[in-house]
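Subject: Structure handover

Hello,

Here is the structure we talked about. Please open it first, then read the notes below.

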Amino acid sequence: MSIINKNFISSNLVRNLFMIIGVAAVGLASTQALFRDVEQSQQGVFVVGTLDMSVEEPNGQVAESIVVNNVGESSNIQGGKTWVVRNVGSLPGRLNFGVDNIRNIENGCNEPEALVDVTCSSPGVGEGELGQNIQTQVTLTKNNTATQVILATLATDQAGVYKEQWIANVSNRKIPPGGSVEVTFAWQTDNYAFGNEVQSDSVMFDVVYELEQITGGV
Ligand SMILES: [Ca+2]
Ligand SMILES: [Ca+2]
Ligand SMILES: [Ca+2]
């Protein structure tokens, strides 16, 4: 197997997602009286990016996805990204991490795949088998100390697991004004983990960061 990291999302879809996230953020701000910043990332394959987040203004909402596409049969799948998340506001914030909208896409079945896979629609969202075979790991680096905080897969039903493990395993999610942390999201599998059932399959997902205002000084 091999991996390509490719933006399959049309500009229209990106705009639509942008609008959806924007509306969601406004809804949260009005109902919870908290300012919230939502950013999602689209990059993959061990690149580094910076998220400038502020809890003072609901700005900077972007909607991006990561796509892992299975295009071959001979090598391992692996990739990842490190984000530097900065609180550029003047209020302390609590950082949340999540993976949403996991879409395991079938992309049809070729001849050897059809022998072992009975869900073969195209695009067949939810019918792909690639994500359940990909192990993911999230590492938080704070004050030069790296801690593994999440272990999961990219199976469709795993979306809620990321946020749950983040909250359970990150003892202090606070980022003070001017502070920053690094978050690394990595995924991998090997060519012994699966067979022809993943041919032409792909998996898309959104990595979501939220920095919410800390009230009461906690
Ligand atoms: Ca299938
Ligand atoms: Ca398949
Ligand atoms: Ca397929």
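Donors here are N, O and S atoms within 2.8 Å of the metal (3.2 Å for Na, K and Ca); water is not among the atoms, so sites may look incomplete.

Helices (H or I, at least four residues) and strands (E, at least two) are DSSP runs, numbered from the N terminus.

A few notes on the source. This is a predicted model: local features need pLDDT of at least 70, side-chain atom pairs count only at pLDDT 80 or more, and totals for chains, interfaces and linings use all residues. Residues are numbered from 1 along each chain as its sequence is written, chains are lettered from A and ligands numbered from 1 in the order written, and side-chain values use heavy atoms, with hydrogens and water left out.

Now the neighbouring ions. Ligand 2 lies 3.6 Å from the calcium ion (ligand 1), and glutamate 106 coordinates both. The calcium ion (ligand 3) is 3.6 Å from ligand 2, again with glutamate 106 coordinating both. Donors of ligand 3 include Gly108 (O), Gln199 (O) and Ser200 (OG). Glycine 108 lies in the loop between strand E6 (93–105) and H2, and aspartate 201 in the loop between E10 and E11, so that pair ties together parts 93 residues apart in sequence.

Last, the lining of the largest cavity. A cavity is a set of points on a 1 Å grid over the protein atoms alone where a 1.4 Å probe fits but cannot get out; lining residues have an atom within 4 Å of a point. Among the lining residues are Leu95, Trp166 and Arg173. Strand E7 (135–142) and strand E9 (174–175) each supply at least two.

Best wishes

Terms used: On a 1 Å grid over the protein atoms alone, a cavity is a set of points where a 1.4 Å probe fits but cannot get out, and a pocket is an open set with protein on both sides within 12 Å along at least five of seven lines; lining residues have an atom within 4 Å of a point.
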